[in-house]
Amino acid sequence: MSDFRDDILNTKIMYLPGVGPKKAELLFGELEIVTFKDLLYYFPFRYIDRTRFYAVREIGPDLPYIQLYGEIVSVSIEGQGRGKKRLIFRFVDGTGSIDLVFFQGLTWIKDKIKLKQKYIVFGKPNLFNGQINMVHPEIDSPETENPGNFSTNINGIYSSTEKLRSYIGNKMIVKLMHNLLNLVRNKIPETLPDYLRDKYKLLSLSEALLNIHFPQNQELLAQARNRLKFDELFYIQLGILYHRTKRAGANQGFVFDRVGEHFNYFFKNNLPFPLTEAQKRVVREMRNDMGSGKQMNRLLQGDVGSGKTLVALMIMLIAADNGFQSCIMAPTEILATQHYTSVMQFLKEMDVKVKLLTGSTKKSERTVLYNELIEGKINILIGTHALIEDNVQFKNLGLAVIDEQHRFGVEQRAKLWSKSETLPHVMVMTATPIPRTLAMTVYGDLDVSIIDELPPGRKPVKTLVFNDSKRLRVFGFLKEQIAQGRQIYVVYPLIKESESMDYKYLEDGYESIVRAFPPPKYVTVVVHGKMKAADKDFSMNLFVSGKANIMVATSVIEVGVNVPNASVMVIESAERFGLAQLHQLRGRVGRGADQSYCLMMAGYKLSKESRKRLELMVETNDGFKIAEEDMRMRGPGDIEGTQQSGLPFKLRITDLSKDGELLEAVRKIVESILLKDPDLSLDENKMLKTNLENISAQKDFSKIS
Ligand code: ADP
Ligand code: MG
C-alpha cells in the first residue's frame, strides 16, 4: 500500500467535480462524508433491476420495486383542497392497467407526461382499497437511460436524509459516484494479498467497488458484496486476533495450578446442591485458563438464574488455594450486598475471609478494611465502584470478577487491573446473552464460556399479554398469589427522553395499586432512580425480607435482584420495552420452586414490531434465542451491551444478524494466518500489517477488551 497521505482516496470531497463547498458541507453534515474514500464506501442500500420488466397482469401487492413498460392513456385529478388532491395516471401495457398516483408536484408531473408515448415506470405495488396501484413511481422515457461509461441495468439506490433529498437526490449521488469512479478506479489500492484472493475467489477491491455502485450483472453484484463483506470482517478479526496474540505472548498470568483445601472442603461439605453440567464445564474451562500460565480473559454468559455467582465463588476459592486474593465488582450496592450475602451463606463457617465494600461502608470500617486488604488478611473482597478507588490496595490480587459487565466502562475496569503488577485473571459475567456473531466482534478478544442450562426443578415462567380491559382480572389473580404468600413486582418503563412523564405514570400507578391493595392488609413499596439511596434501600429491604407484598418500580430492578419468593412480574406498558429488557425483567421471577408468571400489560394499538416482541416473549424463555431475534429486529448497534461502548466499528455492508457464517469462516482464515505468521512478517502478509497499522491509527483495538 502506498503511503496513505499520497493516496488519492484521501482527497477532500470538495475537490470532486460536481461537488464544491456547499455540497461538501451537506455531505459531511448529513452523511459524514469527508473524503473520496468516504463517498466510495457509501454503498447503495438496495438496487433496482432494470433488466426485468413485469407485465401489469403479474403484479401482486407483495412485490418489491418493479419496472413496467407501456403507456399512459388518461390523466385525472381527484380530491379537493391541499393535501387531498391527487393526480392519477392510468397506465396500460397490453396485459392490464394500473393507476399511478401522485400527491405532490402535480402540475409539474402532469406537464412532463405525454399521452400515447412509451414510458418505463418504477415503483412499488401497493394495495389500496382492494386495488393495486403505485404511489409516486418514477416515470422515465426509454431514452433517458443511465448516462456515462458505467452504464448498467441494475441501479443502486442510496439512502438519503430529509435535508439531503431536496438538494442531493439519488440521481446526483449516482452522478457523483460516476465522477469519482472515473477518477479513482485505477488507483484503488488492493487490501488483500493475491494468495487470499486466489484461494477464496475474491474480486479485486477496485472491481468490487465498481460493481457495488454500478453492477454489471447480478452475479458480479453478489461477488462484490461478498468481497466487501469479507474485507470488512477480515480486518476486524485481524485487528482483534493480532492484538490478542500479541498480548497473550506479553501477558504472563499467575499460575493457579493447585486445587486445594478451600475448594475441596467447599465442594465436599458446603455445596448445597449438585452443580449443573454447564456449571461444571465452565468451571473447568476457567481452571484450565488459570493454570496455563497465561492471563485469563473470559466472558461468562448465562441466563438470569443460571447460577453464575456460584461459579464465581468456586474460582475465587481456587485463587485462595493458590494464595491469591480476588474480588467481585458489581454495578449497584444492592447487587454487591446480595453477592456478599450469598457468598457468606455458601461459605458458612469456612476459613475464608470475605469483606464488603460499598459507598455506604463507614469510614472507620474502611480504614480497618484497607489495612486487612494490603496485609493479605482478606481473601475475597466484594463491592461496587468503591473497589477502584485509589485507597483500595490489594496485597496480591489474582482474580477479578466483574458482574454485569456492560454497566462498567472500559476505563473503570482498566483501573482495577492497574492494582496489580501482573494483570490478574479476569472473569466478566453477564446475564444479557449476546449473539455469537456479536460476541466475536465486540468482545472478540475475550474467550467465552456459556452456561446454557438452568438448575433443575425450575419451572419456566408463564408469560401472558393483557390489555387494560383485563386489569381487574389481573388484580384478582395477584390477590390470589399474595394469599398464597407470594410477592409481586409491578414495573413501569423509564425512558430517558420522557423521564418526567414516566415518573408520573409510576406515581399514578403506585396510587392505583395502593387503592386496589389497601393497607394494612397489603404492604406496597415503591423504588425508583430518583429516590435517595437510603430510602431506596429501606424499600428494597422491606421487599427482600418478605415484609412487603408488592414492589412498584421503574426498570431499576432490572439488574439482578434475587427474591426467590417473588413469583409474579407485572410489566406495565410492556410495548415500550425492548426485548432484552423484557427478558431481564422476567428473569426476576422464576427463581424459586413455585410456578411464576410474567404478565405484560399492553395498549390496544400496537405497532407490528411491538406485537412481535411480545409474541416472542410468550413463545420462548430462551435468552439466547431472544438475543438473536433482538439483533435481527433492531440491528446489532442497538443491542444491550454495545449501546454504551457502541460497536467499535462501523459496519458498512456486513449485517451481523445475517452474515454469521461468513464471519465464522473469516475468523478461521485469520486464525490460520496468525498461527503461521503471528507477527505478520512474512512477505505475503506485509500488506496486511501495513493496512492494519493504518486502521489501528484511527481505531483503538485495545479498547475492546
Ligand atoms: P445468576 O446467574 O442470575 O447470577 P444466581 O447465581 O443468582 O444466578 O443463582 C440463582 C439461584 O440459583 C441462586 O439462589 C443460587 O443459589 C441457585 N443455584 C445456583 N446453582 C444451582 C444449582 N446447581 N442447583 C440449584 N440451585 C442453584
Ligand atoms: Mg447474578
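Predicted model: local features only at pLDDT ≥ 70, side-chain atom pairs only at ≥ 80, totals over all residues.
Residues are numbered from 1 along each chain as its sequence is written, with chains lettered from A and ligands numbered from 1 in the order in which they are written.

The protein chain is divided into domain 1 (1-49 + 154-185), domain 2 (52-140), domain 3 (261-290 + 306-430) and domain 4 (462-620), with bounds taken from an automatic or database domain assignment. The centres of domain 2 and domain 3, taken over C-alpha atoms, are separated by 68 Å.

Seven strands, in the order β6-β7-β4-β3-β2-β5-β8, form an open sheet of mixed pairing; strands are DSSP runs (E, at least two residues) numbered from the N terminus, and two of them pair if DSSP finds at least two bridges between them. At the edges stand β6 (125-128) and β8 (138-140), each of which pairs on one side only, and the twist from one strand to the next averages 45 degrees, with axes given by lines fitted to C-alpha atoms and angles running from 0 to 180 degrees between N-to-C directions. Within this sheet, strand β2 (residues 66-78) runs antiparallel to strand β5 (residues 118-123) and is joined to it by six bridges, and Glu71 stands opposite Lys118 in β5.

A further open sheet comprises six strands in the order β17-β22-β21-β18-β20-β19, with parallel pairing. Because β17 (462-467) and β19 (524-527) each have a single partner strand, one side of each is left without a neighbour in the sheet. Neighbouring strands of this sheet are turned against each other by 20 degrees on average, direction ignored. Strands β21 (residues 566-571) and β22 (residues 597-602) pair in the parallel sense over four bridges, with Ile571 opposite Met600 in β22.

Ligand 1 is surrounded by 18 residues, the closest being Gln279, Gly305, Lys308, Thr309 and Arg458, where a residue counts if one of its heavy atoms lies within 4 Å. This shell divides into seven nonpolar, seven polar and four charged residues, and helix α11 (residues 308-321) gives the most to it, with three residues. A nitrogen atom of ligand 1 lies 2.8 Å from a side-chain N or O atom of Gln279, whereas oxygen atoms of the ligand lie 3.1 Å from a backbone N or O atom of Gly307 and 2.9 Å from a polar side-chain atom of Thr309.

How values were computed
Heavy atoms only, no water. Polar contact = N/O pair within 3.5 Å; in protein donor to acceptor, adjacent residues only side chain to side chain. Nonpolar A, V, L, I, M, F, W, Y, C, P; charged D, E, K, R; others polar.
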